[in-house]
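The entries follow the order in which I looked things up.

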Amino acid sequence: MQHGPAVRRRKLGEELRALRDRSGLTSGEAARMVGWHQSKVSRIETGRSGVKPEDIRSLLDVYGEVVSAQQRALLEALSASAAGPGPGAGAGAGRGREWWHDYRGLLPQEYRDFISLEAGARSARTVELSVVPGLLQTPDYARAVTRAALGGLPEPKVDALVDVRLARQSVLRADPPLKLSAVLDEAVLRRQIGGPGVMAEQLRHLSEVTELPQVCLQVLPFSVGGHLGLTGPFVIFSFPDIADLDVVVLDHLTSSLYLERKEDLEAYSAAFRAIQAHALPPRDSSDLISSLADDA
């Protein structure tokens, strides 16, 4: 288990080295073409150095036709989380102009890492036991969750964090959109976060999003009893084009951990499939949510 920035730097470096090899260039030749010292290319490829978006673009321009447009977009997206604290990673490193960097004084690095992964992913699979996933929260529900989780936070900061939560939801409207598969414990639907009015609105919103083709929402009913998800919520991000880049994110009270070993990914993917198999089918889940919304 590792923290995000170091893992992302290593993965990004591996992909850049593979592209350089495919282009037929040595690290020294690539460095000369960009106007760098060879050691800079080596530090980037070994994950010892953060990498700025303009550095990514310079290298990819040199590697030319071996880089697809989709690979270019993903590698630039990964540079945000790859640029966390570390040698060569300045305060402005990463995707620089991405919207979440406007909130860097408010958001901890780990949350920015998570957002950048979410923004670059092709799909996300998540199991939630307590709250509605952030991508599916209404503004009032998000505000109630934020107040409960971060008690005593000044209202302007609460409002800013809610704005961030809502801005994240743009990935579901992107082209192509993030494909979201979510399994919610029935407790998520019945916990009165924010009061009856807020919860009724949230349930109606969930009922609406079940109709979106990019969202698969299932409910794990109380009748299932014990299940694998009881060990805690998790998210699995999968990415386009680049192999072996999936990552599992585990949230804790004060930090997030990233699991990328093959055996960990296989274990959590198998767990997600097992949990899905015990959950209600999407249509039955939608009917249950609609029924709860009507009764709220």
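**Helix crossing**

I looked up the handedness of the crossing of α2 and α4 and found it right-handed, a label that applies if the near helix is turned clockwise from the far one by less than a right angle, anticlockwise being left-handed. By class, the contact of α2 with α4 has 6 nonpolar residues, 1 polar residue and no charged ones, where Ala, Val, Leu, Ile, Met, Phe, Trp, Tyr, Cys and Pro count as nonpolar, Asp, Glu, Lys and Arg as charged, and the others, Gly among them, as polar. The residues that meet are A30, M33 and V34 in α2 and S58, L59, V62 and Y63 in α4, contact being heavy atoms within 4.5 Å.

I then looked up the geometry: the axes of α2 (residues 27-34) and α4 (residues 53-63) come within 10 Å and cross at roughly 110°, with axes fitted to C-alpha atoms, for helices over the stretch in contact, and angles running from 0 to 180 degrees between N-to-C directions. The two helices α2 and α4 are therefore roughly perpendicular to each other, a class that spans 65 to 115 degrees.

**Basis of the values**

I noted that this is a predicted model, in which local features need pLDDT of at least 70 and side-chain atom pairs count only at pLDDT 80 or more, while totals for chains, interfaces and linings use all residues. Residues are numbered from 1 along each chain as its sequence is written, and side-chain values use heavy atoms, with hydrogens and water left out.

**Sheet**

I found an open sheet of 6 strands in the order β3-β2-β1-β4-β5-β6, with mixed pairing, where two strands pair if DSSP finds at least two bridges between them. Its edge strands, β3 (215-220) and β6 (256-259), each pair on one side only.

I followed β4 (residues 234-238), which pairs with β1 (residues 123-128) in the antiparallel sense over 5 bridges, and with β5 in the antiparallel sense over 3 bridges. F237 in β4 stands opposite A124 and also opposite V247 in β5. From β4, F234, I236 and S238 point one way and V235 and F237 the other, and all are buried, meaning under 20% relative accessible area with a 1.4 Å probe and protein chains only.

**Helices across the sheet**

I checked α6 (residues 109-120), which lies across β4, β5 (247-251) and β6 and runs at about 40° to β6. I also checked α11 (residues 262-278), which lies across β1, β2, β3, β4, β5 and β6, at about 115° to β4.

Notes:
Helices (H or I, at least four residues) and strands (E, at least two) are DSSP runs, numbered from the N terminus. Angles under 35 degrees count as roughly parallel, over 145 as roughly antiparallel, 65 to 115 as roughly perpendicular and the rest as oblique. Buried means under 20% relative accessible area, exposed over 50%, partly exposed in between (1.4 Å probe, protein chains only).
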